[in-house]
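The exercises below are to be worked with the sequence and the model side by side. Each task is followed by its solution in steps.

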Amino acid sequence: MTSRTQTTFAPPVMQARRWLADVTFSEDTPLINVSQAAPVDPPPEALRDAMAEALKDPETHLYGPVLGLPALRDALAARWSAQYKGRVKPENVAITSGCNQAFAATIAAICSDGDTVILPTPWYFNHKMWLDMSGVTAVALKTGPDLIPDVQAAKALITDTTRAIALVSPNNPGGVEYPAETLQAFFDLARAHGIKLIVDEIYRDFDSRDGPPHGLVSDPNWGDTLIQLYSFSKAYRLTGHRVGAIFASPDLLSEVEKFLDTVAICPSQLGQKAALWGVEHLDDWLDRQRREILDRRAAIHDNMPLLTAKGWRLMGCGAYFAYLEHPFAASSADLAPKLVSAIGVLALPGTMFTPADDSSGERQIRIAFANVDRAEITTLFARLASLDWPLATPTSPA
Ligand SMILES: Cc1ncc(COP(=O)(O)O)c(C=O)c1O
């Protein structure tokens with residue numbers, strides 16, 4: 001017997017944390033942790049004060065509506081309508097306990113055993129894990145050197161069992177921002193085949209483009225095809241309070257409601273009130289955060305020549321991530337743990353984001369740079385450039 005959880009792998013971030021167990025870091029070479037995308041700083045103080053105030057309200061400690069607080073659903077519908085230049089009603093919004101739960105609820109609402117969902121690779125590992133545990137096959141849509149998925153290649157993968165294509169933009173792990181035309185082409189493809197297009201936009205607040213990143217929501221019937229996922233884990237650093245959202249048709253959200261009611265009953269009331277306060281008060285603060293992240297992204301580009309000279313290649317860079325091809329002979333699965341003891345760097349190998357039968361991840365490493373400033377990025381690159389490990393030869397199978 002194989003249980004649902006036995007169908008998938010162990011949580012990669014926890015696995016990577018164990019590489020730190022026996023290593024002591026000197027004062028000269030402190031750990032640079034670029035393994036995880038979760039913000040390490042707390043939410044801004046004014047938001048924490050608002051949360052302390054919310055704790056005094058007895059309602060905060062009770063169950064709330066399964067699909068979330070009406071005031072937050074209203075506020076998000078208004079924000080989405082304005083930002084995506086489309087019509088989003090409160091009935092199109094469900095609040096979830098984070099973006100991972102949003103994905104899980106969506107898959108439960110649209111899939112059954114034996115169905116398939118197309119995921120571009122490298123993929124976000126929790127999407128793959130949830131599909132495994134749901135008895136749904138993740139069909140890999142391999143991307144090329146620019147990490148942008150190809151719509152014709154996706155079309156060739158659609159069969160009678162396909163229920164959705166799930167994209168992440170800006171992308172984790174690749175960092176790339178999918179062009180509006182790419183998202184439109186995927187939307188058109190999904191609609192033509194009567195399947196859903198799921199777009200996880202958890203990093204949208206850090207997109208380098210001003211204005212809406214795509215025009216999908218301006219389609220008056222967007223809800224027949226599009227399902228957008230979002231979260232406050234990154235935006236206001238409410239990571240531990242678990243608040244996310246699904247934007248979809250009311251019919252789909254009725255299905256989602258069954259999942260949410262059974263799993264968590266309602267999202268955290270405190271977290272939702274915090275998110276609402278953020279939507280009402282933190283636009284300027286969020287804009288400053290975005291600029292800081294964009295500056296860190298620029299720092300990656302500024303420092304890249306040092307690594308390019310050593311045979312590295314920057315495949316994608318944006319939102320919280322830089323995705324790099326390394327020049328070494330060994331697999332990133334073996335190199336990543338060694339980076340910890342050799343140069344005090346914790347980063348995840350590409351093998352954690354690629355299917356077992358796809359060797360491309362062996363040459364790739366993800367750098368989650370949101371928590372390291374310009375100075376640390378410079379140190380990080382100097383440390384990576386100092387590695388003198390054996391290089392891959394052109395005939396190397398990797
Ligand atoms: C693409 C993507 N989706 C979902 C999540 C999970 O977010 P949440 O904390 O809202 O569950 C992450 C977290 O890193 C992510 O990168």
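**Exercise 1. Positive phi**

Is R242 buried, partly exposed or exposed, and what is its relative accessible area?

Solution. This is a predicted model, in which local features need pLDDT of at least 70 and side-chain atom pairs count only at pLDDT 80 or more, while totals for chains, interfaces and linings use all residues. Residues are numbered from 1 along each chain as its sequence is written, and side-chain values use heavy atoms, with hydrogens and water left out.

Step 1. Buried stands for under 20% relative accessible area, exposed for over 50%, and partly exposed for what lies in between, with a 1.4 Å probe and protein chains only. R242 has a relative accessible area of 34%, so R242 is partly exposed.

Step 2. Locate R242: it sits in the loop between helix 8 (232-235) and strand 8 (244-247). Helices are DSSP runs of H or I with at least four residues, strands are runs of E with at least two, and both are numbered from the N terminus.

Step 3. Read the backbone. Phi of R242 is near 60 degrees, which is positive in a residue other than glycine.

Step 4. Repeat for K85, in the loop between helix 3 (70-83) and strand 2 (93-96). Its phi is near 50 degrees, again a positive value in a non-glycine residue. The relative accessible area of K85 is 58%, so K85 is exposed.

**Exercise 2. Helix 4 and helix 5**

Describe how helix 4 (residues 99-110) packs on helix 5 (residues 125-133).

Solution. Step 1. Two packed helices are described by the angle between their axes and the distance between those axes. For helix 4 and helix 5 the angle is about 35 degrees and the axes are 10 Å apart. Axes are lines fitted to C-alpha atoms, for helices over the stretch in contact, and angles between N-to-C directions run from 0 to 180 degrees.

Step 1. The crossing of helix 4 and helix 5 is right-handed, a term for a near helix turned clockwise from the far one by less than a right angle.

Step 2. List the contacts (heavy atoms within 4.5 Å). Helix 4 contributes N100, F103, A104 and I107, and helix 5 contributes N126, H127, W130 and L131. By class, this contact has 5 nonpolar, 3 polar and no charged residues. Ala, Val, Leu, Ile, Met, Phe, Trp, Tyr, Cys and Pro count as nonpolar, Asp, Glu, Lys and Arg as charged, and the others, Gly among them, as polar.

**Exercise 3. Capped helices**

Which residues cap the N-terminal ends of helix 10 (residues 269-281) and helix 13 (residues 374-385)?

Solution. Step 1. S268 caps helix 10, with a side-chain oxygen 3.4 Å from the backbone nitrogen of L270. D373 caps helix 13, where the corresponding distance, to the backbone nitrogen of A375, is 3.2 Å. A polar contact is a pair of N or O atoms within 3.5 Å; within protein, one must be able to donate a hydrogen and the other to accept it, and residues adjacent in sequence count only if both atoms are side-chain atoms.

Step 1. Check the span of helix 13: its 12 residues reach 16 Å from first C-alpha to last, close to the 16 Å expected at 1.5 Å a residue. The expected span is 1.5 Å times one less than the number of residues.

Step 2. Find the buried side of helix 13: I377, L380, F381, R383, L384 and A385 are buried. These residues pack against strand 1 (32-33), helix 11 (283-308), helix 12 (332-343), strand 11 (345-346) and strand 13 (364-368).

**Exercise 4. Cis peptides**

Which residues does a cis peptide bond with omega of about -10 degrees join?

Solution. Step 1. That bond joins S169 and P170. A cis bond also runs from N172 to P173, with omega near 15 degrees.

Step 1. P170 is in the loop between strand 5 (162-168) and helix 7, and P173 is likewise in the loop between strand 5 and helix 7.
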